[in-house]
Amino acid sequence: MNVTGEAIRVEDGSLHVPSQPLIPYIEGDGIGPEISRAARAVLDAAVERAYGGARRLRWVEIYAGEKAQKRTGDLLPRETLEAIRELKVALKGPLATPVGSGHRSLNVTLRQELDLYACVRPIRHLPGVPSPLQDPQDVDFVIFRENTEDVYAGIEWESGSPEARRFAELLREHFGVEIRPDAGVGVKPISEFGTKRLVRQAIAYALRHGRKRVTLMHKGNIMKYTEGAFRKWGYEVAREEFPDQTITEEELFSQYDGKIPEGKVLINDRIADIMFQHVITPPREFDVIATPNLNGDYLSDACAAQVGGVGMAPGANLGDEVGVFEPTHGTAPDIAGKNVANPTALILSGALLLDHLGWTEAAELIPEALARTFLQKRVTGDLARLLEGADRLSTDSFAQAVIENIRALSPGEEV
Ligand code: NAI
């Protein structure tokens, strides 16, 4: 690694960020190299505009996916994991999961190896972006989805396998429960530890970002000891660890006349199925949503459609010390290498990275500059299709348009 810069450190749970931090990046497969180049250029421009040379990102390329395999024979080399562990963050492009070759998804492996237990997906509509909603400007919330348990624990056995049959026997003999002999079987573990660390992060995020509510989304009416327990443990974290900063819905009406007091966060809960209605009518009811894995999986993608589709939806995978920032979408093999992909999701993932570093002045310039670019109808093909009279730009030209708009903005200015 021969890039000048310093490593970010974590001490007593806080990040210490030097003025020239080393930032590892994985280009990714498919459209990865195109959007990675575009995103890094935009992030550099935002940092330059916000701090005029006093701060600078020092990019370090690390390898995963096809590029890593060509160089080392390994899809996810040890050094890549070590670099992220050591440097604390990474900006990651999408990685292809080889189908039917016995490989685990590289993305899942990365999250598990680095114990990135919270998948954070902000869902925010930017002005100028086509949306199927009537009032898309009201969409502005952040989903915290548990990343290691529930269906992501990956515990299941095929119908007819010795394990599935043995499991059915065990259920019959020890628990008096009958399942059909030809059933495939999956196990859905949700623990107190896993739930509490996720909800803790969600509440801390809400407090740090001045968000007013954390909603626990669960299917506890049906699955009491997994989804229902998620709800119970969620309330417990709030009560035990944030007693002065959180209130419940009951307290909201009995003590605060229905108005959330300044500096406090309301903790409430909603059943998973009705959430899909509420995020549409009316979306302004939500700020931060904390949820087990599968609910969050569905909700994140459905909500991405409200704000322009997966090409627009950023994400972060956060552990206690390490954060990997990546778009929601995949490698888009159908458009790879054509310089037409929309780099917005990766650019916004980079803005989350800047925010994570505490470089908020630079982070805030990015959605503003993107919004200006969309309002000017300068967009990539995926959005041009939906916007009458749009100027259809290549990935590189779109990034240049965003950079122009960053340079024209004063830090803190809003469109
Ligand atoms: P995909 O997200 O790559 O593509 C779905 C559709 O959205 C395609 O029509 C594609 O052209 C379009 N699309 C995606 N990103 C776009 C962008 N930035 N700009 C414009 N259009 C965009 O999903 P798909 O096809 O299911 O997966 C392809 C590969 O990506 C698979 O190998 C899959 O495992 C991997 N994947 C990786 C992820 C990650 O690295 N986090 C996440 C999802 C999929």
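Colleague: Which backbone oxygen does the side chain of Lys 88 reach?
Modeller: That of Arg 85, at 3.1 Å. Bear in mind that this is a predicted model.
Colleague: Noted. Where is the place of Lys 88?
Modeller: In the loop between helix 3 (78-87) and strand 5.
Colleague: Does Lys 88 count as buried, or as exposed?
Modeller: Buried, at 12% relative accessibility. The cut-off for buried is under 20%.
Colleague: With which side chain does the side chain of Lys 88 make a polar contact?
Modeller: The side chain of Glu 321, at 3.0 Å. Leaving out residues up to four places away in sequence, Lys 88 touches Ile 8, Val 10, Ala 83, Glu 321, Val 322 and Gly 323.
Colleague: And how far apart are Lys 88 and Pro 24?
Modeller: In sequence, 64 residues; in space, 8.9 Å from C-alpha to C-alpha.
Colleague: Which way do strand 5 and strand 15 run, parallel or antiparallel?
Modeller: Parallel, and 3 bridges join strand 5 (residues 89-92) to strand 15 (residues 323-325). Ala 90 stands opposite Val 324 in strand 15.
Colleague: What span should the 17 residues of helix 6 have?
Modeller: At 1.5 Å a residue, 24 Å, and the end C-alpha atoms are 24 Å apart, which agrees.
Colleague: What happens at the start of helix 6?
Modeller: A side-chain oxygen of Ser 191 comes to within 2.8 Å of the backbone nitrogen of Gly 194. Just after helix 6, Gly 210 has a positive phi of about 65 degrees.
Colleague: Which residues of helix 6 are buried?
Modeller: Among them are Leu 198, Gln 201, Ala 202 and Tyr 205. Phe 144 touches those four residues, and its other contacts include Val 120 and Ile 289.
Colleague: Now the largest nonpolar core. How many residues does it have?
Modeller: It has 77 residues. Leu 57, Phe 144, Val 214, Leu 354, Ile 366, Leu 370 and Phe 374 touch the most other members. Helix 1 gives the most to this core, with 9 residues. Apart from it lies another core of 16 residues, including Ala 90, Leu 106, Leu 116 and Val 322.
Colleague: Last topic, Asn 317. Where is its place?
Modeller: In strand 14. Asn 317 is buried, with a relative accessible area of 2%.
Colleague: What is the polar contact with Asn 147?
Modeller: Side chain to side chain, at 2.9 Å. Another polar contact, of 2.7 Å, joins the side chains of Asn 317 and Glu 326. Beyond four places in sequence, the contacts of Asn 317 also include Arg 111, Leu 116 and Val 324.

Technical notes: Residues are numbered from 1 along each chain as its sequence is written. This is a predicted model: local features need pLDDT of at least 70, side-chain atom pairs count only at pLDDT 80 or more; totals for chains, interfaces and linings use all residues. Side-chain values use heavy atoms; hydrogens and water are left out. Two strands pair if DSSP finds at least two bridges between them. Helices (H or I, at least four residues) and strands (E, at least two) are DSSP runs, numbered from the N terminus. The expected span of a helix is 1.5 Å times one less than its number of residues. Buried means under 20% relative accessible area, exposed over 50%, partly exposed in between (1.4 Å probe, protein chains only). A polar contact is a pair of N or O atoms within 3.5 Å; within protein, one must be able to donate a hydrogen and the other to accept it, and residues adjacent in sequence count only if both atoms are side-chain atoms. A nonpolar core is a set of buried Ala, Val, Leu, Ile, Met, Phe, Trp, Tyr and Cys residues joined through side-chain atoms within 4.5 Å. Contact means heavy atoms within 4.5 Å.
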